[in-house]
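Hi everyone, thanks for letting me go today.

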Amino acid sequence: MVAGSSELHGEPLAALVAPARAGDEAAFTRIVARYHPDLVRVAMVVSGDAEIANEAAQSAWVIAWRRLGDLRDAANLRPWLMSIAANEARQLTRSGLRRAVRELAVLDPTTPSEESGAALRIDLANALRVLDARDRALLGLRYLAGMDSTEIGKAVGMSATAVRTRLARARERLRQELGDV
Amino acid sequence: MSEQPLEPFDARLVDLLTRYGDRAVDSFEPSVIARGAVLARRQHGARIGLLISRRARLVLFAAVLVLLALGAALLAGVHRPSPIGDVFASPREIAWSPNGATLAFVVEVADSGSFGAAPSVVGTSDRPVPPARVWHDELWVVAGDGGEPRKLMALGSMATPQGLAWTPDSRSLVLGLAPTGATGGMGEIVQLGLDGAPARTLLSTGDRTPDLDGISPVADHLVYDLARTQGADLYILDLRSGASTRITTSQGASFDSWSTDGRWILYDDVAGGSQGNPASIAWVVSADGSTRHELGPCCGVGWSADASRVFFVDQGGALYSEAVDGSAPPADASGWAGISWTAASPGVFMAGTGMGVATFRQGETARIVPGTVGDGVGDAPLAMSPDGSWLAFSGGRNRILGTYLIPSAGGTPLRVGPDTSGGAFQWRPGGDPEFTFVSDRAILSVRADGTAAREIVTRTAIAGDPLGGADSADTSRIIIGPSGPDRDTYRVTGMTWPAVTIENRSTVPWVPWGITEKNPECQLVSGLGGSDPCTVEPGSAVRFMTEGPQFPGVNLEVWLGPAGSDPKTAIPVLVDFEATP
């Protein structure tokens, strides 16, 4: 896993981040085009709700535009953006507590080959449900953003040790829930 | 961040999580999203919203000035201790001394002058926002039964204590320090006495950060870890000789606990073991590192009361009890699929079952006592009282998220405060069970039965008095003073679209999170779902409509913070809706 990358479609990220930071909307649009799906994915892992995931990703872009100046190293753009999206998803998830009854996935395969995939998705959805939002954020940032414990700790306000401990337990819980023993 | 080959399960997780996340990825138009983000920022400064009129604001300002003058006159000559930090100081770590006599706590304080200086302009916005703040941590102590807090140490700018532990004699504290200017660029583990003597360096770790894991109950060794590229390795420091022994090399080890007699250390490690390649293996190692014994695939470990046996849960969910030296085979008490354990007190454990909390007593058949399941919120164990009679858990009841206490033998959960699962909490050692936690920038303690709740360190002692007086009379009006909201719980009545008013009496703009979803003005501002909040300007009041109470007693959590602050550090308040449809 590689968290950061110095290029976007062969173009140095710094060449996009710098103008975006200076207010170049076109450069910012190209960043959005590249990374929006990543933000939605990590927000989905955190929230388990497609609507919240998209809302969180969109909110993350508002924050990103405002705080691009805080990004020290353009190569860290992707994990930085995904951290914002994960935190936004956590905020929206806990503020949306009254929407506590989540829509459960319904197994409705149309072909046998899709059946196992659908079942797997349901298993994962149910497995993720046993974790709290913070642990889901840790998983998303580790496995989707490729961040290490120190970076995750800074992003979510925990010590690296606490991140490692919680990640290990969350991973183990998923492993048990998914029957991968 | 460096690449290394993934274990098969990790690779599977990457694939599964990616495909799971893909379910939410719709087609999108980048230019629309980018435009929305840009517009949200530009319109932010032009928002008028439901602000009260300029004339009314002037009247309000004048009234506030008169009140402040009156208050100052009344308070003249009255001793008011200076708060520990500035108006946004926040406690975030606590540690009771083993004898329960002293509470140590860490306060995050903004460096002087870093807030309220000349405003800066960010991006293309014409709206000035507060500059980023520079923070440092301070270590304080206070007598457990009350008194004036006393500062032991101010850490360097942006420095954070890496683990905080008392020595068993309750006379000093030990903590890890990251390499900063304040430590001469050296990572250190230091010991601080309560007598005010200078810190004593126990260990220097060069340019690496030591994280203190725990001190032996007999004070002859401590365990720390040094973070490496992918994880951490554990070390034992002999406090008599000063020698360190590295006990793991996998970069994936995690300390669990000392045995109560100080002879053994329990930890888990992703590497080694004789049973293939499981996720983690539980190990016991002697305090001097000379003897090691593999327990098996784990995790979730805890000690028996006499420290002779170790409990752990294998990957299949079976509970084992095994002699610490490996002399007796493990005993199986199966039936605990999918749980993780928190060793809370000798012989008594509790387990999070994902959607509930269970307790188990050594010697009894494994059974759930009493199984707590929140309504829509997965209960999670926090800590069990030292005598094992009570447990604290984080969860929801009647749709109210919070920290609850419940007798371990069963009973009705009692909500004692907001959710503290991400914050600081601890049971006070000795005496009647007393649960201590951080809430609303104060350090509170409450007896397990809910009686005798008290503030060990008040919010005003830490961050000043928000209003200089009592809470406002109107329970649906959130009044923000220089130190934040005037109360932590508000109550609103109304049939549909009940409203809460936020009045800002501070000198900087404040923003709420959590109540903007049904406010068209905020959505208009952000254009992107209302997550970018409305701003309540100084001297103004904003009336927010809220989602109507579809259920009696429905509850909403709102976070408030200065504009430009991080929502993670915002102050949570609770809004209870008392109306029925």
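So, in what order do the elements of chain A run from the N terminus on? The order is β-β-α-α-α-α-α-α-α-α. Before I go further, keep in mind that we're looking at a predicted model.

Let's stay with chain A for a bit. If you count up its elements, you get eight helices and two strands. The chain has 181 residues, and 61% of them are buried. What about its surface? The accessible surface is about 7,000 Å², and carbon and sulfur atoms account for 49% of that. Now for contacts: take the ones in chain A with a separation of 6 or more, and 66% of those are between residues 24 or more positions apart.

Okay, over to chain B. Here I'd like to show you an open sheet of four strands, in the order β30-β31-β32-β33, with antiparallel pairing. Which strands stand at the edges? Those are β30, residues 425–427, and β33, residues 454–457. Each of them has a single partner strand, so one side of each has no neighbour in the sheet. And if you ignore direction, neighbouring strands here are turned by 25° against each other on average.

A quick reminder for anyone new to this: strands of a sheet pair through backbone hydrogen bonds, and the pairing can be parallel or antiparallel.

Let's zoom in on one pair in chain B. Strand β31, residues 434–439, runs antiparallel to strand β32, residues 442–447, and six bridges join the two.

Technical notes. Residues are numbered from 1 along each chain as its sequence is written. Chains are lettered from A and ligands numbered from 1 in the order in which they are written. This is a predicted model: local features need pLDDT of at least 70, side-chain atom pairs count only at pLDDT 80 or more; totals for chains, interfaces and linings use all residues. Side-chain values use heavy atoms; hydrogens and water are left out. Buried means under 20% relative accessible area, exposed over 50%, partly exposed in between (1.4 Å probe, protein chains only). Contact means heavy atoms within 4.5 Å. Accessible areas come from the Shrake-Rupley method with a 1.4 Å probe; for residues, only the protein chains shown count as cover. Two strands pair if DSSP finds at least two bridges between them. Axes are lines fitted to C-alpha atoms, for helices over the stretch in contact, and angles run from 0 to 180 degrees between N-to-C directions.
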